[in-house]
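I am going through this structure from the whole chain down to its sheets and cavities. My notes follow, in the order in which I looked things up.

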Amino acid sequence: MKRAAAGVISAVGLGLTGLALIAQAPPAEKWFQDITAKAGVSGKHTNRVFTNPYAQIMAGYTALGASAAVADYDGDGFDDIYTTDSKAGGKNHLWHNNHDLTFTDVAEQAGVANCNEGDNAVADSLWFDFNNDGKPDLLVVKFGHNQLFQNLGAGKFKDVTKASGMDRYSNAITAIAFDYDRDGKVDLFIGSYFQPINIFQPDSPRFFPESFETANNGGGLTVFHNDGAGKFSDVTEKVGIKLSGWTLDLGHADADNDGFDDLYVAADFGTDRFFHNTGKGTFTDLTEKAIGIDSKKGMNVDWGDYDNDGLLDIYVTNITDDYMREGNFLWHNQGDLTFSDVSRETGTFETGWGWGAKFFDYDNDGWLDLYVMNGWVSAGKESYVPDVFKMVTTPNIDFADARNWPPMGNKSLSGYEKKRLFHNDKGQIFKDQAARHGLDSVRDGRGVAIADFNNDGKLDIMAANASNEPNLYVNTMPAGAHWVQFALEGRQSNRGAVGAQVRLKAAGTTRLQFISGGNSFAGQSMSRVHFGLAAVDKVDQIEVRWPTGKKEVFASVQVDKLNKIVEGTGKKAK
């Protein structure tokens with residue numbers, strides 16, 4: 001079981017109003033406003049309906065694919081959003097930010113709308129700059145064949161899947177990108193749920209998990225090395241990763257501050273995995289030492305320094321319902337490649353049937369808060385739990401045979417669950433503020449993306465919901481708290497500086513943030529680094545550790561602004 005437990009920076013002008021030194025407004029009861037319809041981003045996600053002999057059984061277990069991924073794909077200084085659909089022939093959406101909290105769907109003209117054709121169902125999406133040209137490219141992750149789109153500029157994308165070497169049947173559900181070998185190019189880590197069989201027309205009924213706790217007949221993980229010139233090669237065995245579990249999410253970060261990013265794998269129906277990057281182009285499985293062996297249903301991986309101790313911690317959602325009382329993990333980083341679960345002590349243990357969750361400082365007080373998506377299937381009044389209980393208590397049942405799983409029909413399972421907004425009280429305890437701020441929707445949540453869509457220094461939320469419209473929440477917190485943002489550009493490092501760590505020194509404290517390559521289930525947040533500063537109006541310096549391992553110090557940081565930092569323009573750190 002698991003454990004208990006000084007260069008010059010250029011400031012970029014931002015749209016709308018920055019947080020200048022304005023008198024503190026009276027506290028508002030509600031700091032987020034749902035602007036989905038007004039913003040024009042209400043494109044509905046619809047689950048895939050199967051037509052094979054096991055369709056009634058698969059309906060509930062594949063209620064996935066509602067994702068949201070953020071990037072400034074056209075370089076105009078405002079973050080855009082890509083959201084997905086999963087039904088046959090369903091259209092994905094590329095929401096172009098119009099700079100006024102409205103968006104226009106340009107997916108068709110961009111060439112990235114039609115990804116649910118044939119035996120393919122979209123599960124996730126990921127922005128990453130695979131060719132280091134400064135334009136984010138797009139990976140569409142699917143049950144079936146993934147698609148890789150190169151960003152050509154001028155709002156156009158080109159399908160380069162076959163040319164890249166990634167045209168294979170994968171049944172993927174998640175993907176992240178980071179430069180594991182520090183060669184200046186981001187590599188791809190793709191997690192698959194089912195084995196690489198045609199789940200749309202399977203030739204055998206034995207393709208479901210063989211066990212509720214230890215299933216090893218899933219799709220596992222594939223590592224694609226970025227060879228340059230738009231080519232990728234499968235190096236999974238070469239890097240020392242061997243998995244056949246039911247992967248649901250992946251997350252990367254540098255756990256021990258050695259300059260190389262490590263990997264956490266959240267697995268459904270079996271233990272999560274922790275892989276330490278050796279710095280020699282390989283990974284070592286340290287699961288038992290680092291986190292122990294569990295039998296839970298890992299759903300989400302996000303890394304963040306929630307207690308400001310200079311070490312990156314991990315938040316993993318699991319299932320807590322009438323049948324499975326598993327609880328989430330908040331893995332506190334002990335600094336020696338071991339983690340201690342403090343979810344009970346901090347109040348983050350129970351959220352329901354958890355999905356995507358993201359660290360972010362919504363009130364700019366300098367402490368990372370958490371937004372957690374919950375809910376599996378919300379349907380009729382009758383519960384599916386007794387059916388599941390009857391199945392799991394049947395002697396000698398073959399769980400891998402889909403015919404032995406009861407059809408869900410119109411029954412609900414952990415449905416109509418409220419989402420949680422956990423406010424971080426100085427790294428000690430989290431308190432749910434979702435109801436107060438209007439963020440406690442009971443739609444079946446999946447992915448969540450955090451970004452500053454109107455460039456006002458307050459972080460907004462895009463929440464993707466299964467078989468429903470998304471929710472776009474704009475942060476309307478009263479002005480007064482200071483903040484600072486950084487946009488990093490790598491030169492020797494990968495262009496997007498994925499994996500870079502930023503340490504901010506101010507008022508006698510040092511705080512840590514980093515650039516992730518898509519951490520969090522079915523969600524990708526903005527690539528800018530954001531620090532809330534509360535009443536502090538001056539930053540002493542920042543230190544950037546680039547993905548190459550080199551460290552630079554920068555001064556002249558402008559508070560209440562977006563500061564652009566280019567690798568090689570700072571002073572070498574001591």
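**Whole chain**

I counted the secondary structure of the protein chain first: seven helices and 38 strands. Helices (H or I, at least four residues) and strands (E, at least two) are DSSP runs, numbered from the N terminus.

Before going further I noted that this is a predicted model, in which local features need pLDDT of at least 70 and side-chain atom pairs count only at pLDDT 80 or more, while totals for chains, interfaces and linings use all residues. Residues are numbered from 1 along each chain as its sequence is written, and side-chain values use heavy atoms, with hydrogens and water left out.

I looked up the overall dimensions next. The C-alpha trace of the protein chain spans about 65 × 55 × 50 Å along its principal axes.

Buried means under 20% relative accessible area, exposed over 50%, and partly exposed in between (1.4 Å probe, protein chains only).

**Sheet E19 to E22**

I traced an open sheet of four strands in the order E19-E20-E21-E22, with antiparallel pairing. Its edge strands are E19 and E22 (339-341), each pairing on one side only. Two strands pair if DSSP finds at least two bridges between them. On average, neighbouring strands of this sheet are turned by 25 degrees against each other, direction ignored. The axes are lines fitted to C-alpha atoms, for helices over the stretch in contact, and angles run from 0 to 180 degrees between N-to-C directions.

I then went to E20 (residues 313-316). Three bridges join E20 to E19 (residues 302-304), and the two run antiparallel. Asp-313 is the bridge partner of Gly-304, and Tyr-315 that of Asp-302. On the E21 side (residues 329-333) there are three bridges, again antiparallel, and Ile-314 stands opposite Trp-331.

Which way do the E20 residues point? Asp-313 and Tyr-315 point one way and Ile-314 and Val-316 the other way, and all are buried.

**Sheet E11 to E14**

I found another open sheet of four strands, ordered E11-E12-E13-E14 with antiparallel pairing. E11 (172-178) and E14 (231-234) stand at the edges with a single partner strand each, so one side of each has no neighbour in the sheet. Within the sheet, E12 (residues 187-192) and E13 (residues 220-228) pair over five bridges. Ile-190 stands opposite Thr-222 in E13.

**Cavities**

A cavity is a set of points on a 1 Å grid over the protein atoms alone where a 1.4 Å probe fits but cannot get out, and lining residues have an atom within 4 Å of a point.

The largest cavity holds about 240 Å³ of space. Of its 21 lining residues, the closest to its centre are Tyr-61, Phe-269, Ile-319, Trp-353 and Trp-376. Helix H7 (residues 385-392) gives the most to this lining, with three residues. By class I read 18 nonpolar, no polar and three charged residues. Here Ala, Val, Leu, Ile, Met, Phe, Trp, Tyr, Cys and Pro count as nonpolar, Asp, Glu, Lys and Arg as charged, and the others, Gly among them, as polar.

The second largest cavity has a volume of about 80 Å³. A volume is the space filled by probe spheres set on the points, with grid points joined across faces, edges and corners. Among the residues that line the second largest cavity are Asp-179, Arg-182, Asp-261 and Arg-545. Its lining has five nonpolar, two polar and four charged residues.

Note on methods: 1 Å grid on protein atoms, 1.4 Å probe; cavity = no way out; pocket = protein on both sides within 12 Å on 5 of 7 lines; lining within 4 Å.
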